There are 2 protein chains.
Amino acid sequence: MKTVSTLKEIRALVDRWHRNGKTVGLVPTMGALHEGHLHLVRAARQACDRVVVSLFVNPTQFSAGEDFAKYPRDLKKDTRLVAAEKADVIFAPTAEEMYPAGFDTSVTVGPALTQTMCGLSRPNHFQGVATVVMKLLNLMRPQQAFFGQKDYQQTLVVKRIAADLNTGCDIVVLPTVREADGLAKSSRNAYLSEEERRLAPSVYQALKLADGILQVGERNPKELLDAVRKRLKTESKIEIEYVAAKNAETLEDLLILSGRVLVAVAVKLGSTRLIDNIVVDVPTGS
Amino acid sequence: MKTVSTLKEIRALVDRWHRNGKTVGLVPTMGALHEGHLHLVRAARQACDRVVVSLFVNPTQFSAGEDFAKYPRDLKKDTRLVAAEKADVIFAPTAEEMYPAGFDTSVTVGPALTQTMCGLSRPNHFQGVATVVMKLLNLMRPQQAFFGQKDYQQTLVVKRIAADLNTGCDIVVLPTVREADGLAKSSRNAYLSEEERRLAPSVYQALKLADGILQVGERNPKELLDAVRKRLKTESKIEIEYVAAKNAETLEDLLILSGRVLVAVAVKLGSTRLIDNIVVDVPTGS
């Protein structure tokens with residue numbers, strides 16, 4: 001397996017594959033790979049002739065005061081993990097390679113998908129994501145790109161730009177991979193203290209509670225959200241950023257819980273921000 | 001020559017060319033073709049194996065109160081003109097095809113290139129241009145795309161997004177084509193009354209005056225701009241929108257006229273807005 005760090009090299013490599021009629025799958029990551037990422041690499045390996053895993057801690061999707069500097073980086077370990085999944089190449093550019101002097105373009109998705117949930121506390125986050133994903137898609141023109149459901153709002157933003165800007169790339173979203181106790185796998189889990197790690201599964205337990213409440217027929221969003229908040233508040237160390245129940249395609253608020261319903265949570269546990277979500281198919285009009 | 005109106009058809013057609021190793025040249029236009037456009041088509045024909053001319057009056061680059069509704073449209077005549085230049089295909093989509101329900105993405109270039117000159121009176125213009133050009137480049141992935149220098153600020157915006165978003169497309173800018181009396185060819189010239197048409201060459205004459213002033217050694221931007229304004233004001237029917245002398249790469253204001261200097265003018269003649277520019281290489285430090 002090759003590791004490539006310049007735009008020129010990755011473009012030359014992937015262009016050759018395209019000319020030879022190979023399908024290309026891209027797994028965009030910020031590195032610090034865990035089982036969730038590897039699950040995406042495996043899916044790409046199954047679906048595509050050639051697989052690129054990008055490792056890039058994208059500065060523009062972090063807001064001031066966030067964890068850009070301390071975000072975990074371990075290219076050596078990541079390389080070993082990706083090689084074990086038989087990807088064809090790692091693309092690991094520097095920030096200077098991706099954003100050279102004079103860089104001055106951004107890709108933006110409208111407020112319906114971006115000025116809600118995570119977009120409220122992370123003002124430039126989705127613009128940073130949309131811009132870097134557009135760059136990666138243009139560089140490699142993959143037929144498919146693979147993302148995890150844990151970052152649900154991100155998957156909607158990426159689907160939007162991929163379709164709206166006519167990339168021709170199919171955005172594949174795979175289910176969240178979890179620890180045995182339900183905690184969603186995340187590179188940021190490494191920040192948790194022992195005690196915080198013990199409390200962290202409460203987030204998923206609150207989402208499972210929401211699922212149960214929907215299964216027994218609750219259709220009032222306020223009742224559902226109150227129950228989820230109440231469950232989270234049983235742990236005083238958990239600080240709720242948001243609890244939301246939304247139309248899973250449009251992120252619109254719901255008057256009645258029906259159709260594909262996203263239930264999403266963001267919390268702070270100490271200084272670590274955790275997000276998680278479930279999507280529940282709720283029978284309409286029942 | 002083929003005319004294609006759906007994204008699906010144009011993508012299939014161009015993908016086949018790419019698979020067969022053909023180079024693709026794109027000439028993006030809003031139709032109402034004149035000799036300036038045809039000059040671009042000829043250059044594309046010389047440089048590339050396959051040539052696509054897009055005809056699309058892009059609604060998102062017009063501001064409220066502008067001439068979107070009355071912008072000249074004549075697909076039949078345009079088709080004849082493009083066929084005579086031996087282009088391979090016309091891509092003429094509808095607005096619904098380009099911006100289907102739910103479309104919600106925009107491409108933006110920063111204020112240095114967009115919040116000056118034409119960007120001041122046309123607030124969303126360059127975002128509309130950047131977004132539609134990004135769509136066209138992604139759809140067709142041309143090796144080269146051809147633009148006219150008359151829309152100088154637009155060419156800088158397009159170069160910026162093509163580079164920043166890693167399209168791999170070379171943006172080729174060709175000199176402004178002019179009428180015998182110097183008036184820059186423009187689809188909007190059709191709006192001019194007989195009297196306005198007679199006065200319109202004053203714009204280029206004022207730019208030629210600027211060139212002359214630079215050639216004899218003037219290095220003070222204020223002196224230059226005053227002389228251009230004064231020349232334009234000899235025609236009382238010409239209403240000046242801006243006269244600018246800028247660094248031709250960055251559009252920065254200049255304290256001293258040196259290097260590649262853009263001199264650009266926008267005026268209203270009756271209800272018709274005309275723009276024109278020249279780029280002069282001014283010896284540094286002379």
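## A strand pair across the interface

Strand β5(A) pairs with strand β5 of chain B, residues 105–109. The two run in the antiparallel sense, and 5 bridges join them. Within this pairing, Val109(A) stands opposite Thr105(B), a residue of β5(B). The model described here is predicted.

## The contact surface

Chain A gives 25 residues to the contact, and chain B gives 25 residues as well. Which elements of chain A supply two or more residues to the side that touches chain B? They are α1 (7–19), β5 (105–109), α5 (111–114), α7 (125–140) and α8 (152–164). The largest share comes from β5(A), with 5 residues.

What is this side of chain A made of? It divides into 10 nonpolar, 9 polar and 6 charged residues.

## How the two chains are related

A rotation of 180 degrees superposes chain A on chain B, with 0.0 Å of shift along the axis and an RMSD of 0.0 Å. That is why the relation is one of a two-fold axis. In chain A, the C-alpha nearest the axis belongs to Val107(A), at 2.3 Å. Both copies use the same surface: 100% of the contact residues of chain A recur in chain B.

## A loop residue in chain A

Leu255(A) sits in the loop between β8 (238–247) and β9 (259–269) of chain A. Is Leu255(A) buried or exposed? Leu255(A) counts as exposed, because it has 9 C-beta neighbours inside 10 Å, and the cut-off for exposed is 12 or fewer.

Leu255(A) and Phe126(A) are 129 residues apart along the chain. Their C-alpha atoms are separated by 26 Å.

Definitions and conventions. Residues numbered from 1 in each chain as written. Chains lettered and ligands numbered in written order. Predicted model: local features only at pLDDT ≥ 70, side-chain atom pairs only at ≥ 80, totals over all residues. Contact = placed C-beta atoms within 7 Å. Helix = DSSP H or I, 4+ residues; strand = E, 2+ residues; numbered from the N terminus. Nonpolar A, V, L, I, M, F, W, Y, C, P; charged D, E, K, R; others polar. Pairing = 2+ DSSP bridges. Buried ≥ 20, exposed ≤ 12 C-beta atoms within 10 Å, placed from the backbone. Least-squares fit on C-alpha atoms with pLDDT ≥ 70 in both.
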